[in-house]
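Me: Got a model open here and I'd like to talk it through. Can you start with the terms and then take me around?

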Amino acid sequence: MKLRTLGARSAAAGFFGATVMVAACSQLPEDAIVVGLSADITTFEPGMISSRDNANIARHIFAGLFSLTSEGDHVPNLAHTLDISEDGTAYVYTLREGLTCHDGEALTAEDVAYTFNRIADPENRFTGNSPGFVFTSIGFQDAVALDDLRVQINLARKNPIAFGLITEIYIHCKDAYEAMTLDEATSNPIGSGSYRLASWTRGSEVVLEKTREPGNFQRIVWRIIPEASTRTAELISGNADIITNVVPEQIEAINRSGRAEVQVVSGTRRMYLGFSLSEGSRQMPGGEAIQDPRVRRALQYAVDVPTICRQLLSVECERATGLVNPPNDHPNLTPYPFDPSTAEVLLDEAGWSRGTDGIRFAIRLQAGRARYVNDVNIVLAISQYLQDVGLDVEVDLMEWASVYTPLLHARSMGPLFFLGTGGGLWSPIYDMTDLAEVGSSTNYTQWDDDRWFSRWTDLADAKTPEETRSIIDEMLQVFYDDGPWLHLYFQPDFYGVSNRIDWKARRDERVFLFEARLK
Amino acid sequence: MVIGVTLVSFLALQAGGDPTYLFVSERASLEEIEATRQALGFDRPLHEQYLSFVGDLAQGDFGQSLSYRQPAMEIVLEALPATIELTLFSMAIALLLAIPLGILAAIHRGTAWDGSITTLAMFGQSVPSFWLGIMMILFFGLYLRWLPISGQVPFLVPLMEGDFGTALGNLPRTIFHLILPGIAVGTYSLARNTRLVRSSLLEVLEQDYVRTARSKGLPEIRVLVHHALRNAWLPVVTIIGLEFGFLLGGVVVVETVFSYPGIGRLLFAAINQRDIPLVQAGVILLAGIFILLNLLVDLIYVRLDPRMKLAEGRG
């Protein structure tokens, strides 16, 4: 055979092989769904899970006693009934019969009690969402198995949102976890959910395999793809079915690809400009001015939120009138319109007229970088709107985790600061608990209006849902009129979804695939 | 080496502020924050944290990763094979292509070949690796769909585990997944080495012994390979050790762009997370590899250059 012919045939064979390989690479199997995540998974230890991505995967491995639907409804899962004691400190769950963990061990009330007590055990030094936020918020005391099917969760005090927070707990079996060290539990989850962990290549992918209903796919592959453009490329090329955290600049590319589209949902994260009302802020430039509710109300008219959303987020945002997510928000309040003339008049009336230099007062606006979608540009846009009504705004942008966050916790940021806090759909009170007490860790503004804080006692004593709702609306009116937030928007979330599957994104950042299916 | 590397990385990470807040939820209470700070050991004075780490290190204990809650060195070693595959592939591109391109440019000096190769080399040294990576993803991965966009298929891991069948079966896909990131990482080195081979060869071709070899009527290819190149590529050998270190630095960004699960990406995430034990374990490992490689290169250089042996003998 001549060398040239051999060479040509070899090249052709190589090209054919490469094409087949590429084609094989690009085809997703019908029994699997592939999700591209932006952050790595660090653990499958139920007591250590804290990030949203980690929680989304873990929820497929570990079931909860009850679940929250995408509309915020509280529905049975491992348990089918919940009874709450008169004084609100004892929650008794009755499990369904015939439950098992992935290793075949029967899942009984003893295992549920073990789950709660193990997570809360200070010896284990867990720092995840469950022992940290959930147990602290509900005032968890202990859990006791009353019999094979009934478990009692004891709280220190009555809490109207405990039922929703308890859904966050990942139920696992006692025998399996007693046989493991804490290190082993990190990478060997033995859960109670629809899927079990088939493989985990750190930094690369997590593969789950179906063990029981619900779930329409035999396998779920979670791929870790930190770079946004790479995630988008994988979606468009057909190598991923769903990607999270699509950046606004790539929405058009995805929608034009013909292979996928972007689902935009109004998330539950409340984005706001906080007015720091602490004594320390009062000493800062502009700090005295914002102590006056009239000034805060004036500034509500100064920022063109719809334009910010359209230009910087590429969507029409859900506007905020307070800190409660719709549809649980006040039914009659409307977002403050963009009306700089009104802002100017109100500022004049509040005694802060423009000086000869056109400035009413100077003020500092602080924010963290790269935490929220397009946050830096949004902060700069807000500062410009405030400058247009006569404020001399100094913008101070800083690294989020170890520079800005400590300031927040120390209440030494501001006087203006940009922040977003997660909320929910299942209870307005959950959203309102950011300001449950003046001294709450999440009352970053240190607002102390008695018209708000004194009503919490009334809320706790309310006898009927109608009474509760009435109190909530009154509180929200106060928050709308004289509150410590300049109401912005609920952060939109962007999911890229391939045309191959039928899946609807949730507003609460939970990526659950139990009902996803092939089209 | 250990003290220097760990001290620098420790101080650099601490300069970023209190890392506790990275490990608590946004709604964490002050009590919860303090409990986490104590659980992670961040409540101790800085010198105590550092000395405690060094003390454990002396006993072979690199500590636990704060993010993964597993031994830090274990996690780093898990990611090492992927980075070795990428770095070796990039080095292969950088060396195997640089030599023929450099020769071509040198022997066709002043021609269009020389001009083109030199221009491409300058471009290769100018373009940022992350930009090149993204452009290749768009063109070869998305537009042409010739190559995979992200991910990795392991070859070294099954090989080291003795599973030769899986390793060989994976090899074609391993190479496929290495092509784009390998080019992104290796382009700068390829460009630099091409220019180095070219200039070194041009210098050698002017030497008397090369003129003598030509005068003896030897074929040009023999003059080039047997006489000129043996001396021309000594500078390239010299920088191979440094090259490896440079490539290791380059993989950090490229591994992130291509979602390649190597040490670079692991360290990048660990730095953002202020996972101090993980960063220090990774940095110590990479520094150790770098030093060992340079030692190896020095030994190879002695074998390649008899003048070094003579100098040793006189010494």
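Reply: Two residues are in contact if their C-beta atoms, placed from the backbone, lie within 7 Å. This is a predicted model, where local features need pLDDT of at least 70 and side-chain atom pairs count only at pLDDT 80 or more, while totals for chains, interfaces and linings use all residues. Residues are numbered from 1 along each chain as its sequence is written, and chains are lettered from A and ligands numbered from 1 in the order in which they are written.

Me: OK, how many residues of chain A are in contact with chain B?

Reply: 45 residues of chain A, and they meet 48 residues of chain B.

Me: Which element gives the most on the chain A side?

Reply: That's α15(A), with six residues. Helices here are DSSP runs of H or I with at least four residues, strands are E runs of at least two, and both are numbered from the N terminus. Other elements giving two or more residues include α1 (3-26) and β10 (219-224) of chain A.

Me: Switching topic: which residues touch the most other members in the largest nonpolar core?

Reply: Val35(A), Ile220(A) and Val76(B), out of 144 residues. A nonpolar core means buried Ala, Val, Leu, Ile, Met, Phe, Trp, Tyr and Cys residues joined through C-beta atoms within 7 Å. Buried means 20 or more other C-beta atoms within 10 Å of a residue's own, exposed means 12 or fewer, and partly exposed is in between, with C-beta atoms placed from the backbone. There's also a second, separate core of 64 residues, with Trp447(A) one of its members.

Me: And what does Val35(A) touch, sequence neighbours aside?

Reply: Beyond four places in sequence, its contacts include Ile220(A), Trp222(A) and Val511(A).

Me: Where are the cis peptide bonds you'd point out?

Reply: One runs from Glu213(A) to Pro214(A), with omega near 0 degrees; Pro214(A) is in the loop between β9 (205-210) and β10 of chain A. Another joins Gly414(A) to Pro415(A), with omega near 10 degrees, and Pro415(A) sits in the loop between α15 and β16 (416-421) of chain A.

Me: What about Gln446(A), what's its phi?

Reply: Near 60 degrees, which is positive in a residue other than glycine. Gln446(A) lies in the loop between α16 (428-432) and α17 (450-453) of chain A.

Me: Is Gln446(A) buried or exposed?

Reply: Buried, because Gln446(A) has 20 C-beta neighbours inside 10 Å. Ser314(A) also has a positive phi, near 65 degrees, but Ser314(A) counts as partly exposed because 19 other C-beta atoms lie within 10 Å.
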